[in-house]
Amino acid sequence: MRSLSDPFLTLHEEPSDAEVASHRLMLRAGFIHKVAGGIYTYLPSAVRVLRKIEAIVRKEMNRAGGLEILMPSLQPADLWESTGRWEKYGKELFRLSDRHERAFALGPTHEEVVTSLMAGLVGSYRQLPVLVYQIQTKYRDEIRPRFGLLRGREFIMKDAYSFSTSEEDAKAIYHKMQEAYRAIFRKLGLRARMVDADSGLIGGNLSHEFMIMAPSGEDTVVSCQSCEWAANIEKAEGMDACPLCQGSLSRETAIEVGHVFYLGQKYSLPMNGLFSDQDGQEKPFVMGCYGIGVSRLMACAIEQSHDDRGMIWPVSMAPFQISVLPLGPAASESPFVKDLVEALMFRFPDEVYIDDRDLRAGVKFGDADLKGFPLQVICGEKNLASGNVEIKVRKTGAREVLPVKAVPERISAILESLGA
RNA sequence: CGGGGCGUGGCGCAGCCCGGUAGCGCACCUGCUUUGGGAGCAGGGAGUCGGAGGUUCAAAUCCUCUCGCCCCGACCA
């Protein structure tokens, strides 16, 4: 991608209403644009990050046996009435009506829709278990949207739902999802922690949250100093020692990015989600549901990885892995640079960003650091005169000068060492 | 929903108390000079002062209503 066709400018001044790093940096770097409170347009760089996160999530869901579907955001009220949540969900549910005054909700989650789907499609134990998932925009009329993408009223979520014939089978899937989540966060290059959690409005009696430790987090994790046990503060309320080993407890703020629930028959029972078992008996599905906040994850990555110059993307979700900075008018026209760019685009397809704007070096450096792509290939006129360019690693600040021809191979090695 | 604050060119703000022809920085456009860490000079374009009503010879400024946004408390990926 050439920056000449990139109309999304970076800002030199701090946005006045951004409280946390991810929000501030995304505004400054031209990742998002606010449309209304808690509602944003994702600009090209942000979309690229989202697509990368989604690709990793998809891969792990598919590996775990998940089948991707896509359910509607617009959901009829009677589905919600069938589980009592039309009343219980409260003001957080966006409600609207069609031209015939029929009531609808904008989906904040999809237990009702998916249970009704499976109730209609599945009749026999032979069809089970099933795991379906989707990646989709969700709507919640948050009491107080804030912190940019960390708490929006419209956000992107991966939600998965499992249907099993027994509690044992359902819990096996639940544990498989826990493992899939660990793999997802590891591949994204994020440090996440799994903690015991409350089930809240979704229901069920077994639930774990995946937390990204961050000072800007709105959640608090209580963890044992001596063993691995940790829980959401709501779950740990009243405890003064670790329930496993009696060790002492400490608290840290965190951001919730994933949540797995064992639902049991909470939805299948009221919604008649039944299958026939081996004996010909009709039984309700035993369910689980599993969410990951995709757009929130993008913000978390920044919360967890930035410095005073800007974002520092993990290779796995960087909008581009490589930015090329030709400095000065002669560099942009240099045959060395043209050949280099061609070679890089061949070797790293769709991962090369070229800042060929007619701007001073300092501006390009500043923007490159702000946007935080992992590697910068700096093409200055003096180095070019001797057939060299410089590679800078955003994360460490390490720089090296090397011959143009050696660049692709070297970049490959550095990306590898950065965990690509 | 309660408490606090703010709406003035794209962004950040001043002006409001004490009414009198809308200003600054950044960004943008043109030209010349510059060119490895956010350049200099000169010129230029751009604002229904959130909206409606009122007071007044005159309203960004005073009054009333309204909408939006942000921050602090009760929910969640």
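Asparagine 272 is exposed, with a relative accessibility of 52%. You will find asparagine 272 in the loop between S13 and strand S14 (274-276). Have a look at its backbone in this predicted model: phi of asparagine 272 is near 60°, a positive value in a residue other than glycine.

Glutamate 101 also has a positive phi without being glycine, with a value near 70°. The loop that holds glutamate 101 runs between strand S5 (94-97) and S6. Glutamate 101 is exposed, and its relative accessible area is 63%.

## A buried threonine and a cis proline

Next, follow the chain to threonine 109, in the loop between strand S6 (103-106) and helix H5 (111-121). Threonine 109 is buried, with a relative accessible area of 2%. Its side chain has a partner: a polar contact of 2.7 Å links threonine 109 to the side chain of glutamate 111.

The loop between H5 and strand S7 (130-139) contains proline 129. The peptide bond between leucine 128 and proline 129 is cis, with omega at about 0°.

If you are wondering about disulfides, the structure holds 0 of them. Cysteine 245 has its closest cysteine sulfur in cysteine 224, but the distance of 3.5 Å is too far for a bond. The cut-off that matters here is 2.5 Å between the two sulfur atoms. Cysteine 245 is partly exposed, at 35% relative accessible area.

Cysteine 300 is in no disulfide either, and the nearest cysteine sulfur, in cysteine 289, is 19 Å away. Cysteine 300 is buried, with 0% relative accessibility.

## Two domains

Chain A is divided into domain 1, covering 3-307, and domain 2, covering 320-417. Between the C-alpha centres of domain 1 and domain 2 there are 38 Å. Where the two domains meet, domain 1 contributes 12 residues to the contact and domain 2 contributes 13 residues.

## The surface near RNA strand B

Now for the RNA. There are 46 residues around RNA strand B, and those that come nearest are Glu13, Arg140, Arg144, Glu390 and Arg399. By residue type, the surface near RNA strand B has 22 charged, 13 nonpolar and 11 polar residues.

Which elements each supply at least two residues of this surface? They are strand S1 (32-36), strand S8 (154-164), strand S13 (249-264), helix H10 (361-371) and strand S22 (388-393). H10 gives the largest share, with 7 residues.

## Contacts with bases and backbone

Of the RNA strand B atoms within 4 Å of the protein, 46% belong to sugar or phosphate, while the rest belong to bases. In glutamate 142, a side-chain N or O atom is 3.2 Å from a base oxygen of RNA strand B. For lysine 392, a side-chain N or O atom is 3.4 Å from a base oxygen of RNA strand B.

Valine 257 meets the RNA through its backbone: one of its polar backbone atoms is 3.4 Å from a sugar or linking oxygen of RNA strand B.

Definitions and conventions. Residues numbered from 1 in each chain as written. Chains lettered and ligands numbered in written order. Predicted model: local features only at pLDDT ≥ 70, side-chain atom pairs only at ≥ 80, totals over all residues. Heavy atoms only, no water. Near = heavy atom within 4 Å. Polar contact = N/O pair within 3.5 Å; in protein donor to acceptor, adjacent residues only side chain to side chain. Helix = DSSP H or I, 4+ residues; strand = E, 2+ residues; numbered from the N terminus. Nonpolar A, V, L, I, M, F, W, Y, C, P; charged D, E, K, R; others polar. Buried < 20%, exposed > 50% of the residue type's maximum accessible area, 1.4 Å probe, protein only. Domains from an automatic or database assignment. Contact = heavy atoms within 4.5 Å.
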